[in-house]
Amino acid sequence: MTGTQAVPTTGLTQERRVVTEIPGPRSRELIARRTVAVSAGVGTVLPVFITEAGGGILRDVDGNSLIDLGAGIAVLSVGHAAPRVVERVQEQVAKFTHTCFMVTAYEGYVAVCEALNRLTPGTHEKRSALFNSGAEAVENAIKVARAATGRTSIVAFDHAYHGRTNLTMALTAKSMPYKHSFGPFAGEVYRAPMSYPYRDGLSGAEAAAHAISIIDAQVGASETAAVILEPIQGEGGFVVPAEGFLPAISQWCTDNGVVFIADEIQTGFARTGAMFACEHEGVVPDLVTIAKAIAGGLPLAGLTGRAELMDAVHSGGLGGTYSGNPVACAAGLGAIETIEELGLVARAGHLETMILERLREMATRYPVIGEVRGRGAMIAMEFVRQGTKEPAADVCAAVAKAAHAAGVVILTCGTYGNVIRLLPPLVIAEDLLHEGLDVLDEAIGSAATAAAGD
Ligand code: PLZ
């Protein structure tokens, strides 16, 4: 595939078709059942119930076909029902579904680890371990860093998101909805300021010097086991640090014997126009956490890093009943094959050019768009009150709502809840993406007009 072509995917017609209001009557019946069966603590962005999905389209129980610009939060990079993933999963599921790798082994686990060692940044000797979720990969990165260094303190950043388990809640910055009422949190976690060029106005070198001075003063390099950082922050608002920030933090870690962990759970596997986002600045992390796009929708996560760190843990120290489940590994191998065969790294780069052009043009017409930013097919716009940088979460929510009503699945994010983020499947057909962006354009128009009238 060249950068501009879409992918031949499943039989599902790649078109948006809205035939009822959204959610439609059958979805509403299911919402009623959900309300009395499912905990109110579990939210749903767009409560339509899906029966089928293919490529860049989700089909719901009412027969609506929705354009998916969220990819299940950066998971379906290879598209829904990617043929290689489906084939490999079907083949594996009919053979055996589980042994527990800690009890008896199977080749798929080793093959996924070999692929991770090959694909992650750096040519040094590496080892990997597999898990079920991103949060679990992050927890294990911290375990490895502590075991290898004999130190305890961990530094995370403002606007960071690393998961919903107890330790990863401590690492995550935002209180509502992730942490509110769930404390106390794990100890020995410290927070440093993140480079956020739109809001701090600092160069990468200045922002790094500021962060390092705080780490030195408040944590102490000799106490610090690891610094964990998303090379582009996901849930925090698609914050792209100023150039030079990542290399400076990584260098400080190297100079001080601190493990540099890149959380590439949202950015990894071709999403940003590189296999891993650290590559854009030539940064080679000591440990990389991986999940989401690694397995075309099946639960699989990985931790890959320097052999001497990964092997510093005592035998039996890492694991889990389902970690690296054979069906998930088969899906992972199918997803990796798809990314490589279809050239999805290049395709993400092509989508960047196309999406940025559209969004930047919108920003010239809508003063509520404060900034357009991102890399590859991970692009966002931050909404503000006209003429200021005051976050406009209400406008952002109205835009998302209008897009949903018109049959386009769009996600929001950001510490201030004022960012629309685009994470389309990397295989999405170009006309479908343009149509999705047309809907977004109209949605911003109606939300901006309503906000101006307030
Ligand atoms: N690290 C960088 O983006 C997951 C969160 C959705 P899990 N992001 C989506 C939600 O509201 O729960 C994420 C991430 C980064 C870690 C994680 C955690 O990955 O697979 O959700 O545990």
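User: Which residue in β12 is the bridge partner of E371?

Analyst: In this predicted model, the bridge partner of E371 in β12 is E382.

User: What makes β11 and β12 a pair of strands?

Analyst: Pairing requires at least two bridges between the strands. Strand β11 (residues 369-375) and strand β12 (residues 378-383) are joined by six bridges, in the antiparallel sense, and they therefore count as paired. The two strands form a hairpin with two residues between them. In the turn, G376 has a positive phi of about 60°.

User: Why is H280 called partly exposed?

Analyst: The relative accessible area of H280 is 31%. Buried means under 20% and exposed means over 50%, so H280 falls in between and is called partly exposed. H280 is placed in the loop between β8 (259-263) and β9.

User: What joins the side chains of H280 and T272?

Analyst: A polar contact of 3.0 Å joins them, and the cut-off for such a pair of N or O atoms is 3.5 Å. Not counting residues up to four places away in sequence, H280 touches T272, G273, A274 and R375. H280 and R375 are 95 residues apart along the chain, and their C-alpha atoms are separated by 9.5 Å. The contact between H280 and R375 rests on heavy atoms within 4.5 Å.

User: What makes β4 largely enclosed by the rest of the structure?

Analyst: Five of the six residues of β4 are buried, and therefore the strand is largely enclosed. Strand β4 is also joined to β10 by six bridges, and the two run antiparallel. Within this pair, L130 stands opposite G302 in β10.

User: How do you know which side of α4 is buried, and what residues are on it?

Analyst: The buried residues of α4 are Y109, V112, C113, A115, L116 and L119. They cover an arc of only 160° around the axis, which puts them on the same side of α4. An α-helix has 3.6 residues a turn, so residues three or four places apart point the same way. On the other side of α4, E107, E114 and R118 are exposed. The cover over the buried residues of α4 includes β4 (126-131), β9 (287-290), β10 (301-306) and α11 (326-341).

User: What span does α14 reach, and what is expected for its 24 residues?

Analyst: Helix α14 (residues 430-453) reaches 35 Å from its first C-alpha to its last, close to the 34 Å expected at 1.5 Å a residue. Helix α4 (residues 107-119), with 13 residues, reaches 18 Å, close to the 18 Å expected. The buried residues of α14 include L432, L433, G436 and D441.

User: Why are β1 and β13 called edge strands?

Analyst: Strands β1 (50-54) and β13 (408-409) each pair on one side only. They belong to an open sheet of four strands in the order β1-β2-β3-β13, with mixed pairing. Within the sheet, three bridges join strand β2 (residues 57-60) to strand β3 (residues 65-68), which run antiparallel. R59 stands opposite S65 in β3.

User: Which of the 15 residues around the ligand come nearest?

Analyst: G134, A135, R164, D263 and Q266 come nearest. A polar backbone atom of G134 is 2.8 Å from an oxygen atom of the ligand. For A135, a backbone N or O atom lies 2.8 Å from an oxygen atom of the ligand. In Q266, an N or O atom of the side chain is 2.8 Å from an oxygen atom of the ligand.

How values were computed
Residues are numbered from 1 along each chain as its sequence is written. This is a predicted model: local features need pLDDT of at least 70, side-chain atom pairs count only at pLDDT 80 or more; totals for chains, interfaces and linings use all residues. Side-chain values use heavy atoms; hydrogens and water are left out. The expected span of a helix is 1.5 Å times one less than its number of residues. Buried means under 20% relative accessible area, exposed over 50%, partly exposed in between (1.4 Å probe, protein chains only). The arc is that of the directions from the helix axis to the C-beta atoms. A residue is near a molecule or strand if one of its heavy atoms lies within 4 Å of it. A polar contact is a pair of N or O atoms within 3.5 Å; within protein, one must be able to donate a hydrogen and the other to accept it, and residues adjacent in sequence count only if both atoms are side-chain atoms.
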